[in-house]
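Here are a few friendly notes to read alongside the model. Please keep the viewer open as you go through the points.

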Amino acid sequence: MRQSHFFVQTLREVPAEAEVPSHRLMLRAGMIRQVVSGVYTYLPLGYRVLRKIEAIVREEMDRAGAQELLLPAVQPASLWQESGRWEDYGKELLRFEDRHERLLVLGPTHEEVITDLVRNEVRSYRQLPVTLYQIQTKFRDEVRPRFGVMRAREFIMKDAYSFDVDWEGLDRSYQAMYRAYERVFRRCGLEFRAVQADPGAIGGEGGSHEFMVLSEVGEDSILVCPHCEYAANVERAEARVPAPQAAARVPEKDRFLTPGAKTIEDLRIQYGLEPEMIIKVLIYRADGRPVAAVVRGDHEVNEIKLRRLLGVRQLELADEQAVRALTGTGFGSVGPMDLGIERVVDDAVAAMPEGIAGGNEPDVHYRHVVPGRDFQWEKQGDIRTARAGDLCVRCGTALEEYRGIEVGHVFKLGTKYSEALSASFLDEQGIQRTVIMGCYGIGVSRLVAAAVEQHHDDKGIIWPMAIAPFHVHILPVSVKDSGQRNTAEALYDRLTEAGVEALLDDRDERPGVKFNDADLMGMPIQVIVGKRVADGMVEIKWRRTGDVELLPVEDAIGRVTAAVRNP
């Protein structure tokens, strides 16, 4: 491609709306332009990267035995009502009516549609297992789209769905997709981690893993054990609870006054009470019923874990008025003793030999409160948010925290959708059985931004070879010099014939403009045709390292071709 004919316009100024490096660089390099908040046009340079990633995804999906199809973007509301997600999905689901007043949605995901297809097409176990996938535009009406295409309302996604006769089959399908995802992200040149995750709005009965590209601008926190393979999103991460220590006989609980103490920090500052010795109680409404979550004072309630343990859909923190009505006191003095509501105790609290707890009357706390002696509970489990420094649940090593960009997610759905939509088959004995499902998504457009976040410097993007829009950028310093121009044209023709994707900067621009644009756009290799062409020599610059080699033209062609074929 000759740059004088290429539809690209680089920007010198940093766009005011761009908050992270990938957004700034993709706008400046002429890859994308915003149409409306969270909706972008991909210009030719950006679309070439998108297509490279799509090609890798397709190759690995096909290699894993999945079959490509294309599902409609517009879906009937009736399917969402049938699955039970019509109300649960929330305002991200864009709903509208057609001219016949039929209620429709613009698909944010396709579990309902694919399950409907399979229930109408699959009759026998002989048709299973099968995995189907598509690469398609989705729309989620994000309340605050940001970070460019990383958190957009309209985005391109690969979603795959497996259908099996039993859970053992699902395990095989899940592992096949898991391994395919690892290959996809490695081929895209990304540093990533697969972490245990919560299934979120997709739901499901089995395991779930997110694939995180490590980046400081990532919206997700992940906890990783440096000693073993344990890694999990903070929504799901567990921490080892120290074994309860045998303690001397603890005195009976002792009442004392704590006027003016509304928070754990107030108790620490005003009364010298250490947070890890405090038993903290938070009151929630769980599907409408009151529930008390009991954690240590230095820990935070993980509402996702709490909701899962309770088996409820809606979980909302109660306001102070509701807390007073339920406990007889306001924030700061609520304790676990003598509560007339269900108590859910965190494992770390259950392991405490004693602690300090609110007295359920204003400005009153108790010392020497012993879990199990001074209060009981209805449920116990891990309901707190793990953090860096906590001990790995597997090996006991201190966990480390990283930021990550979620680029892929795999779910064991089980029968969540197939049961709701009656997708079944006849087994070998002629018995009707429910299909077992899995779901596997890759954010294709988000991968573009994630790659830029991991591969850039202060000059611009540094593309990995496999997903670069072009392999090489040919830069004649002056197109007015016939020797430079002719050599650059010959290089372009020879490299193109060899299967190398080349961008020839044939513009009549100053050298500084050309070099700045080349660094900004980030092709892995630059071939600079300058004054040494009179001696038959050109320069090869490696964008990642900045190293420059001076080679004869013929050697340069071989060097570039070999680098492209064996990156």
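1. The lining of the second largest pocket is made up of 13 nonpolar, 4 polar and 2 charged residues. Here Ala, Val, Leu, Ile, Met, Phe, Trp, Tyr, Cys and Pro count as nonpolar, Asp, Glu, Lys and Arg as charged, and the others, Gly among them, as polar. This is a predicted model: local features need pLDDT of at least 70, side-chain atom pairs count only at pLDDT 80 or more, and totals for chains, interfaces and linings use all residues. Residues are numbered from 1 along each chain as its sequence is written, and side-chain values use heavy atoms, with hydrogens and water left out.

2. Of the 19 lining residues, Lys-262, Lys-280, Val-281, Phe-331 and Gly-332 lie nearest the centre of the second largest pocket. The elements giving two or more residues to this lining are α7 (264-271), β14 (278-286) and β18 (355-358), and β14 gives the most, with 6 residues. (Helices, H or I of at least four residues, and strands, E of at least two, are DSSP runs numbered from the N terminus. On a 1 Å grid over the protein atoms alone, a pocket is an open set of points where a 1.4 Å probe fits, with protein on both sides within 12 Å along at least five of seven lines; lining residues have an atom within 4 Å of a point.)

3. Elsewhere, 3 strands form an open antiparallel sheet in the order β4-β6-β5. β4 (74-76) and β5 (94-97) are the edge strands, each with a single partner, so one side of each has no neighbour in the sheet. Two strands pair if DSSP finds at least two bridges between them.

4. β5 and β6 (residues 103-106) pair in the antiparallel sense over 4 bridges. Leu-94 stands opposite Leu-106 in β6.
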